[in-house]
Amino acid sequence: MTVSYTAEVATCSHFGCFWKLLMRWRASIYKIIWVDLLAFLSCFYFMAVIYRYALRDVDKPIFEDIVMYCHSYSNLIPLSFVLGFYVGIIIERWWNQYITVPWPDPLAVYVSALVRGQDEHGRLMRRTIMRYVCLALTMVLSMISPVIKRRFPTYDQLIEVGLLNANEANIMKAMDVKFPKHPKYWMPIVWAASIVTRARKEGRIWDDFSLKSMIDELNKFRAGCNMLIHYDTISVPLVYTQVVTLAVYSYFVASIFGHQWIDRDIKHYNNIVSYYFPLFSTLEFFFFMGWLKVAETLICPFGDDDDDFELNWLIDRNLQVSYLIVDEMHNDHPQLVRDQYWDEVFPAELPYAVESDRAEHPEASTARLGIPKVVPVAMTKSEVSLENDFTEFDDEDEYNTEVTIRFARREFSWSKSSVSVSYSYDNQSIDTLDEKVDEENEVDTRTLDSSNKDDFDRLKEKRDRERVNRQKQQAALAMELIKGDLASNGSARSSRTNVPQKSSEVQTDRSYISQKKREDDTDNDKDSDESKK
């Protein structure tokens, strides 16, 4: 089971909290590394004895060259990067495997609350559902854990502990004969779902929503069991494990030679400390080899290591708590009484056994942040006045802080032969356009004094001229259409009506044009009648 030391380091008020943990033996680095360290030191001293006492003076330079070569090129092995990344993956996988282990407590609460009935049959249903759930988890753990497999090697051991009945074991054995390749851990989950459905048909579960909630919880439990099978089947890729192992052991084989003391006048190789004991080589071995041992211990947390999960305790606990929830505590709760803060609605503050333990309430990070006062700055207001399309200017505008945009009134009139646009500016009407449709060149009679105007006024006038040009084009197109209609009926109209026509001026009243169009329609009808006669 994982060794817990949280209580010993809950308060760090002295020189160090972790010093007291260095003297532990169970689940310690000394326990898992002492054999490898003993082998490393044995090989190191063996090579040192050969160099100092066994080799001849002629052969010692060869050994010294090997030492210098191993010391120079051993740092090319990326040991820290490869090993650190690998251990990070293993620790994340180790924690994910633990949180994947399903717990039957949520399902037990559902069963106790939703499967009603105080009779023996209702009690049998609730207990059987939870027994099947605990049986499914036990079967999964026996597939992935050597510890559980030794405890429950066959169905007979499950029958002895009460997780399985004889008739249920016979059904599973028959299924193993028919389908020997697939595990049968899901069969108890299917049986539990059938019992839940039967309870709904018998009216022990009140509605379909409660039935769905229990079925969903059963599927969630089954998914957790299935995920444990996946973790056992799909491991960290073997090539990565091999690379890490080769990197660590190759580095320390090179260290056996590269960290030797040699009789040369070189500072790195003739230190007197290394002559007696390789201190820093031993510390390096502790760190890197201990890192590798951590990965070896945590890669399969369902084994016999000190930091592996205590699965036997888990199986016993699940069955006990499940029966306690669905049977002992079913449909039972303490007597309802008023709490001591009934009249106060809620307590102002809970009392402390020792007044000195009272702590201040936590504050937000910016609760005491000083913020300088902001002096408001007078803002310039902008206003666009569009009332009646016109606003008179006065001399007070130079001293007014408000910006006002004023548009001159524009009058647009058209007739069959000409289009005119006039602007009203400072109570004066300025004729800006008198265009003859028959003429090819446009004459702009509008005169504006732009010497005393700013860029904004000139831009506004430019946009007004562009808008007037577009309107002129549209009006000219409309006049061409009207002239075509009038020319087609001119001969018939001249014989019956006397319409004054002028080449230079045409009356612009719209009522007059509409009246003429009605007369044209009447004349057309008369002409058609005469032609028929």
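I began at the surface, where Tyr45, Ile272, Val273, Tyr276, Phe277, Leu279, Phe280, Leu283 and Phe287 form a nonpolar patch with about 950 Å² of accessible area together. The model is a predicted one, in which local features need pLDDT of at least 70 and side-chain atom pairs count only at pLDDT 80 or more, while totals for chains, interfaces and linings use all residues. Residues are numbered from 1 along each chain as its sequence is written, and side-chain values use heavy atoms, with hydrogens and water left out.

For my own record, patches are made of residues with over 30% relative accessible area and no salt bridge, like charges being joined within 9 Å and nonpolar side chains (Val, Leu, Ile, Met, Phe, Trp, Tyr) within 5 Å. Accessible areas come from the Shrake-Rupley method with a 1.4 Å probe, and for residues only the protein chains shown count as cover.

**Entry: the patch and its helices**

I looked up which elements supply the patch, and found that helix H12 (272–276) and helix H13 (279–298) each supply at least two of its residues. H13 gives the most, with 4 residues. Helices (H or I, at least four residues) and strands (E, at least two) are DSSP runs, numbered from the N terminus. I then picked out Tyr276, which lies in helix H12 and counts as exposed because its relative accessibility is 58%; buried means under 20% relative accessible area, exposed over 50%, and partly exposed in between (1.4 Å probe, protein chains only).

**Entry: the record**

I checked the unreviewed UniProt entry, which lists residues 32–54, 66–89, 129–148, 239–261 and 273–292 for "transmembrane region". UniProt positions are given in the numbering used here, feature names are shortened, and annotations may be inferred rather than shown by experiment. In the model, residues 273–292 are 90% helix and 0% strand, with end C-alpha atoms 27 Å apart, while residues 129–148 are 95% helix and 0% strand, with end C-alpha atoms 22 Å apart.

**Entry: salt bridges**

I counted a salt bridge as a side-chain nitrogen of Lys or Arg within 4 Å of a carboxyl oxygen of Asp or Glu, and by this rule the count comes to 18. In one of them, Asp304 pairs with Arg150, the closest N and O atoms being 3.0 Å apart. Asp304 lies in the loop between H13 and helix H14 (311–328) and Arg150 in helix H6 (residues 146–151), so the pair ties together parts that are 154 residues apart in sequence. Asp304 is exposed, and so is Arg150.

Within H13, I found Glu296 and Lys293 joined by a salt bridge (3.3 Å, N to O); being 3 residues apart in this helix, they are separated by about one helical turn. Glu296 is partly exposed, at 39% relative accessible area, whereas Lys293 is buried, at 12%.

In helix H15 (residues 455–488), Arg467 and Asp464 are likewise 3 residues apart, about one turn of the helix, and their side chains meet in a salt bridge (2.3 Å, N to O). Arg467 counts as partly exposed at 29% relative accessibility, and Asp464 is buried at 10%. I also noted a network of salt bridges that links Asp119, Arg198, Glu202 and Arg204.

**Entry: Gln260**

Gln260 lies in the loop between helix H11 (238–258) and H12, and it counts as buried because its relative accessible area is 3%. A polar atom of its side chain lies 3.0 Å from the backbone oxygen of Phe44, and the side chain of Gln260 also reaches the backbone oxygen of Ile256 at 2.9 Å. Taking contact as heavy atoms within 4.5 Å, and not counting residues up to four places away in sequence, I found that Gln260 touches Phe44, Met47, Ala48, Phe63, Val67 and Tyr269.

**Entry: Thr138**

Leaving out residues up to four places away in sequence, Thr138 touches Ile148, Phe152, Leu158, Leu163 and Ile315. The C-alpha atoms of Thr138 and Asp316 are separated by 9.9 Å, although these residues are 178 residues apart along the chain.

**Entry: whole chain**

Last, I looked up the totals: the protein chain has 17 helices and 5 strands, and buried residues make up 31% of its 533 residues. Of the contacts with a separation of 6 or more, 66% are between residues 24 or more positions apart. The accessible surface comes to about 36,300 Å², of which 57% belongs to carbon and sulfur atoms.

Technical notes:
A polar contact is a pair of N or O atoms within 3.5 Å; within protein, one must be able to donate a hydrogen and the other to accept it, and residues adjacent in sequence count only if both atoms are side-chain atoms.
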